[in-house]
Amino acid sequence: MGRATYVLSTIMILFSAVFSEETESKGKFSGYMFGDYYYVLKYHNPEIKDQRGFWFRRIYLTYDNEMDGHFATRLRLEMSNEGDFATSNAMTPFVKDAYLQYKIENHVFSFGISQTPALSTVENIWGYRYLEKIPLDLYRMASSRDFGVAAAGRIDNSGLFGYHVMLSNGSGNKQEIDKGKSGQVSVNWSPSGALIFETFGEYADAEGIEDAYTWRLFGGYVKDRFRIGIEYADQTLQQAAAPDIKRRFLSVFICAGIIDKISVILRGDRMFDPNPAGEKIAFLPFDPEAPSTFILAAVEWAPVKEVCITPNLEYVTYGKADENITPGDDLYGRLTFFWKFK
């Protein structure tokens with residue numbers, strides 16, 4: 001009863017804010033949701049093989065308000081669940097974004113819970129969050145959101161160089177309970193309207209980790225309905241009482257519109273090291289003791305601008321673990337649905 005009351009009251013407050021007389025002319029309510037009919041065709045844990053059914057992976061409700069020419073705010077609620085093939089709970093809402101922005105010329109300053117520099121450029125070019133997260137987020141090497149102060153914009157008047165910096169808790173959307181903090185910065189260069197290159201770095205002092213260093217290089221090309229991107233990232237987690245943890249990956253994707261309303265999406269990620277956080281990856285748990293190769297293949301049909309129906313396959317194959325044992329492959333067949341409203 002307590003959870004149901006919380007969800008209902010939260011939604012009522014959001015709706016009342018959107019449709020009140022004071023904010024109706026300036027505020028904007030929007031949202032989107034996506035999920036799948038999934039079938040686990042293969043899995044490294046035999047107990048999960050042949051599991052299938054419908055699920056929503058994410059539901060978002062967003063309220064944006066442009067206060068004037070400079071100030072703006074956003075409140076976004078996300079609803080999701082564990083996605084671990086074992087826990088059966090109702091979807092739980094939490095605050096995804098909650099920030100105040102100040103815009104001046106080519107710069108935007110933010111305070112609150114907002115998107116981190118780790119995601120902002122690459123996720124926009126990838127463009128298929130409803131199919132899968134970008135690698136840094138998927139492999140739990142960086143958080144998509146954090147609570148802190150941030151600045152983003154163009155460095156020069158010509159728009160060739162852009163930046164995004166953030167000083168934050170390093171706790172994502174969760175409550176801060178330790179002394180550790182995070183500093184992130186990304187710098188991108190767009191020599192033409194189609195090409196973009198970006199470098200990203202983060203230093204974090206997180207609970208249980210003495211120091212965490214992450215860096216990433218990305219190159220992308222966008223032209224009409226064709227997009228391609230290549231990304232390499234390297235992370236070192238320094239531990240006080242255990243050996244350092246190393247995580248590195250190379251990722252390549254191609255997205256192309258082949259005919260009207262039909263697009264093809266291909267992506268491949270190579271994780272060169274075992275990922276200790278692999279079992280915690282929602283809806284796509286990895287074996288945590290072996291390096292992996294992830295492949296996504298999809299055909300998207302967009303009958304209208306706001307709706308996509310996308311049959312796709314996600315395949316994971318593993319290298320050898322420490323004991324010279326190779327885990328079995330993972331193969332998911334999915335019919336993914338996505339729609340948005342404004």
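**Pockets, cavities and aromatic rings**

Sorted by class, the residues that line the second largest pocket are 6 nonpolar, 7 polar and 2 charged. This pocket, found in a model that is predicted, has a volume of about 180 Å³. It is lined by 15 residues, of which Y38, W55, N81, G83 and T87 are the closest to its centre. Strand β2 (residues 52–66) provides the largest share of this lining, with 5 residues.

**Enclosed cavities**

- Rolling a probe the size of a water molecule over the atoms shows where empty space is left.
- At least two residues of the lining of the second largest cavity come from each of α2 (120–126), β11 (226–238) and β12 (245–259), and β11 gives the most, with 3 residues.

**Aromatic pairs**

- A search of the whole structure finds 30 aromatic pairs.
- One of these pairs joins Y38 and F85, whose ring centres are 5.9 Å apart and whose planes meet at 70°, so the pair is edge-to-face.
- Y38 belongs to strand β1 (residues 27–42), whereas F85 is in the loop between β3 (71–80) and β4 (92–104), so that this pair links distant parts of the chain, 47 residues apart; both Y38 and F85 are buried.
- The rings of W55 and F283 also form an edge-to-face pair, because their planes stand at 75°, with the centres 4.8 Å apart.
- Because W55 lies in strand β2 and F283 in the loop between β13 (262–271) and β14 (292–304), their pair ties together parts that are 228 residues apart in sequence.
- W55 counts as buried because its relative accessibility is 16%, and F283 is buried too, with a relative accessible area of 6%.

**A cluster of rings and two charges over rings**

- One aromatic cluster is formed by Y32, F34, Y60, W126, Y128, Y130, F253 and F338.
- Over the ring of Y60 sits the charged end of R76, 5.5 Å from the ring's centre.
- R267 lies over the face of W126, at 5.1 Å from the ring centre, and both R267 and W126 are among the residues that line the second largest cavity.

Key. Residues are numbered from 1 along each chain as its sequence is written. This is a predicted model: local features need pLDDT of at least 70, side-chain atom pairs count only at pLDDT 80 or more; totals for chains, interfaces and linings use all residues. Side-chain values use heavy atoms; hydrogens and water are left out. On a 1 Å grid over the protein atoms alone, a cavity is a set of points where a 1.4 Å probe fits but cannot get out, and a pocket is an open set with protein on both sides within 12 Å along at least five of seven lines; lining residues have an atom within 4 Å of a point. Helices (H or I, at least four residues) and strands (E, at least two) are DSSP runs, numbered from the N terminus. Grid points are joined across faces, edges and corners, and a volume is the space filled by probe spheres set on the points. Ala, Val, Leu, Ile, Met, Phe, Trp, Tyr, Cys and Pro count as nonpolar, Asp, Glu, Lys and Arg as charged, and the others, Gly among them, as polar. Rings of Phe, Tyr and Trp (its six-membered ring) pair if their centres lie within 6.5 Å; planes under 30 degrees apart count as stacked, over 60 as edge-to-face and the rest as tilted. Buried means under 20% relative accessible area, exposed over 50%, partly exposed in between (1.4 Å probe, protein chains only). A charge sits over a ring if NZ of Lys or CZ of Arg is within 6 Å of the ring centre and within 35 degrees of the ring normal.
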